[in-house]
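Dear colleague,

Please find below the structure that I am handing over to you. My notes on it follow.

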Amino acid sequence: MPSEDSGIGWTDSTWNPVHGCFKTSEGCANCYASVQSQRWDHTEHAWTVDNAEANVQLQRDHLDWPRNRDPKRIFVNSMSDLFLPEDLVPDDYLHDVFDVIEDCDQHVFQALTKHGAEHDNRMLVWDREATRWPDNLWMGVTVESAERTYRIEHLRNTAASTKWVSFEPLLGRVGIDADDLEGIDWVVIGGESGPDADRREMDHAWAREIRDAAKAQDIPVFFKQSSARYPERDRRLAEAGEDLNEAALLGADQTEYRELPELTPALRDARPDLAGQEVTVDA
């Protein structure tokens, strides 16, 4: 079901016109969505490519959920990926989803993909053939490691009006500089959350490198969380050392970044509470 109130710091609600996915890269290893889906019996099988046909569900009964709701930020497919292969999510259904996004211009819709830059390059094919990117859609890619930075280039080559990169879960040094983020409008950084036995720890030095590259391009930064048992914990970036404890020992600053890219006029007018987070671009 959609969630009216999300615990994710950079959004307000979640909307899942698609449910289910399959793991495609190292960032998926401890996928929260797959755990929750199987815990609540929404899917029966492990989220592997062999089980994708059984697990991926087009939830047509959820399509109209954003209509007639007050303006908000809505995370699209927190339990899936818009740009799964076409045999799982057909173009016709993507158009149905985009119809709702365009019709509900009181909202900002936030989408992330890993799959769109894999397999059949679905996101670039969509860009070339459908050329449909609503102004109120913030389209993003997940980059969890240096091996996945090509996803940024895929995103940059689309006509999406607002482009963003989520470096979460950040699993290692990505090794980017300011030039690598040219044309990107927003950066989110976060460590992995989960049980101690499974969680892969984020070194804040990796996050600082991304922050520095983004700030050199005047890109707003949202530091979502450090690595911790539960999400949205330790939401400050250590300015020295590998974590907040080491920063404290070193007497280093700890900085909070909760910035957002430029809002649509409709959302800006309806949500003055977000004004302090919005970073506007000079004309």
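Which residues of strand E4 (residues 73-76) point one way, and which the other way? In this predicted model, Arg-73 and Phe-75 point one way from the strand, while Ile-74 and Val-76 point the other way. All four of these residues are buried. In a regular strand, side chains alternate between the two faces of the sheet.

Strand E4 has two pairings to report. Strand E1 (residues 13-15) runs parallel to E4 and is joined to it by three bridges; here Ser-13 stands opposite Ile-74. From E4 the chain crosses to E5 through helix H3 (residues 91-103), forming a right-handed β-α-β crossover.

I would also draw your attention to Asn-136. This residue is placed in the loop between helix H4 (122-129) and strand E6 (137-142). Asn-136 counts as buried because its relative accessibility is 6%, and the cut-off for buried is under 20%. A polar atom of the Asn-136 side chain lies 2.8 Å from the backbone oxygen of Ile-101. Neighbours within four places in sequence aside, Asn-136 is in contact with Ile-101, Glu-102, Cys-104, Asp-105, His-107, Val-108, Phe-109 and Thr-264.

With kind regards

Notes
Residues are numbered from 1 along each chain as its sequence is written. This is a predicted model: local features need pLDDT of at least 70, side-chain atom pairs count only at pLDDT 80 or more; totals for chains, interfaces and linings use all residues. Side-chain values use heavy atoms; hydrogens and water are left out. Helices (H or I, at least four residues) and strands (E, at least two) are DSSP runs, numbered from the N terminus. Buried means under 20% relative accessible area, exposed over 50%, partly exposed in between (1.4 Å probe, protein chains only). A polar contact is a pair of N or O atoms within 3.5 Å; within protein, one must be able to donate a hydrogen and the other to accept it, and residues adjacent in sequence count only if both atoms are side-chain atoms. Contact means heavy atoms within 4.5 Å. Two strands pair if DSSP finds at least two bridges between them. A crossover is right-handed if, with the strands pointing away from the viewer, the path from the first strand over the helix to the second runs clockwise.
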